[in-house]
Amino acid sequence: MDDRMARMCLSCVTEPADPAVQQAVAEFGTVEVWEGLLRGSGSVSERAQRLDMDELRRSARSSGLRFVIPGDPEWPERLGDLGRAEVVRRLSGVPLGLWLRGGGDLAALCERSVAVVGSRASTPYGERVAAEWSADLGDAGYAVVSGGAYGIDAAAHRGGLAGRMPTVAVLAGGVDVPYPRAHDALFRKIAERGVLVSELRPGEHPTKVRFLGRN
């Protein structure tokens, strides 16, 4: 068991941005925390003991997914800033790792990027402006990053797809689970040149807390 595998395992049985997990990893390291869960009791340990990592890796490979961690070439170094960010609703810290789907290089895209996000209950005017801005940003060499939701997020992604740069969607569920389902085709288009990103293991669905963690 190495650090990469331990991070992947922990990402499958714990919630993202859990400060207790962050503290334990900082104090003992990922491998020791994972081995402690395997020896322990309680709901998280039970999930750890049931986890079939061989099956998860086979499923991820067949779906074209990859898992990146701090230090990898594709890891955006500026995510380190999250380690100094204010705790929001008991959510904090640098991700253990990120699940990715798509042909884009996450680090390269984030190096010149702009986040365009907004209301789900958007107006036609707002959606038009978000799309136009995002297309212009793409033509200027900036990747548009958004959350894949209805409204402004979707308009931003569509505008980004119309520009010359790929777009990045940061999701609150697994990168293989289209949410909202109506955006399945949009996510497929994003993945062709850009990338879908999540802290959550494949197959996971969004919850209110996970949306907060994603933000």
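1. Contact here means heavy atoms within 4.5 Å. Helices (H or I, at least four residues) and strands (E, at least two) are DSSP runs, numbered from the N terminus. Please keep in mind that this is a predicted model, where local features need pLDDT of at least 70 and side-chain atom pairs count only at pLDDT 80 or more, while totals for chains, interfaces and linings use all residues. Residues are numbered from 1 along each chain as its sequence is written, and side-chain values use heavy atoms, with hydrogens and water left out.

2. Axes are lines fitted to C-alpha atoms, for helices over the stretch in contact, and angles run from 0 to 180 degrees between N-to-C directions. The crossing of H7 and H8 is right-handed; the term applies if the near helix is turned clockwise from the far one by less than a right angle, and left-handed if anticlockwise.

3. On the H7 side of this contact you will find Gly126, Glu127, Ala130, Ala131, Ser134 and Ala135, and they meet Ile152, Ala155, Ala156, Gly159, Gly160 and Ala162 of H8. By class, the contact of H7 with H8 has 7 nonpolar, 4 polar and 1 charged residues. For these classes, Ala, Val, Leu, Ile, Met, Phe, Trp, Tyr, Cys and Pro count as nonpolar, Asp, Glu, Lys and Arg as charged, and the others, Gly among them, as polar.

4. Helix H1 (residues 3-13) and helix H3 (residues 30-39) have axes that come within 8 Å and cross at roughly 50°. H1 is therefore oblique to H3 (under 35 degrees counts as roughly parallel, over 145 as roughly antiparallel, 65 to 115 as roughly perpendicular and the rest as oblique). Their crossing is left-handed. Asp3, Ala6, Arg7, Cys9, Leu10 and Val13 of H1 meet Thr30, Val31, Val33, Trp34 and Leu37 of H3, a set with 8 nonpolar, 1 polar and 2 charged residues.

5. H3 also packs with helix H2 (residues 19-28), the two axes coming within 7 Å and crossing at roughly 120°. Ala24, Val25 and Phe28 of H2 and Thr30, Glu32 and Val33 of H3 make that contact. At its N-terminal end, H2 is capped by Asp18, with a side-chain oxygen 2.8 Å from the backbone nitrogen of Ala20. Just after H2, Gly29 takes a positive phi of about 95°.

6. Do have a look at Thr167 in strand E5 (residues 167-170). Thr167 is buried, with a relative accessible area of 0%. Buried means under 20% relative accessible area, exposed over 50%, partly exposed in between (1.4 Å probe, protein chains only). The Thr167 side chain reaches the backbone oxygen of Val144 at 2.7 Å. Beyond four places in sequence, Thr167 is in contact with Val144, His157, Leu161, Ile190, Gly194 and Val195.

7. Ser63, in the loop between helix H5 (53-62) and E1, is partly exposed at 38% relative accessible area. Gly93 is found between strand E1 (65-68) and strand E2 (98-101), also in a loop. Not counting residues up to four places away in sequence, Gly93 touches Gln22 and Leu82.

Key. A polar contact is a pair of N or O atoms within 3.5 Å; within protein, one must be able to donate a hydrogen and the other to accept it, and residues adjacent in sequence count only if both atoms are side-chain atoms.
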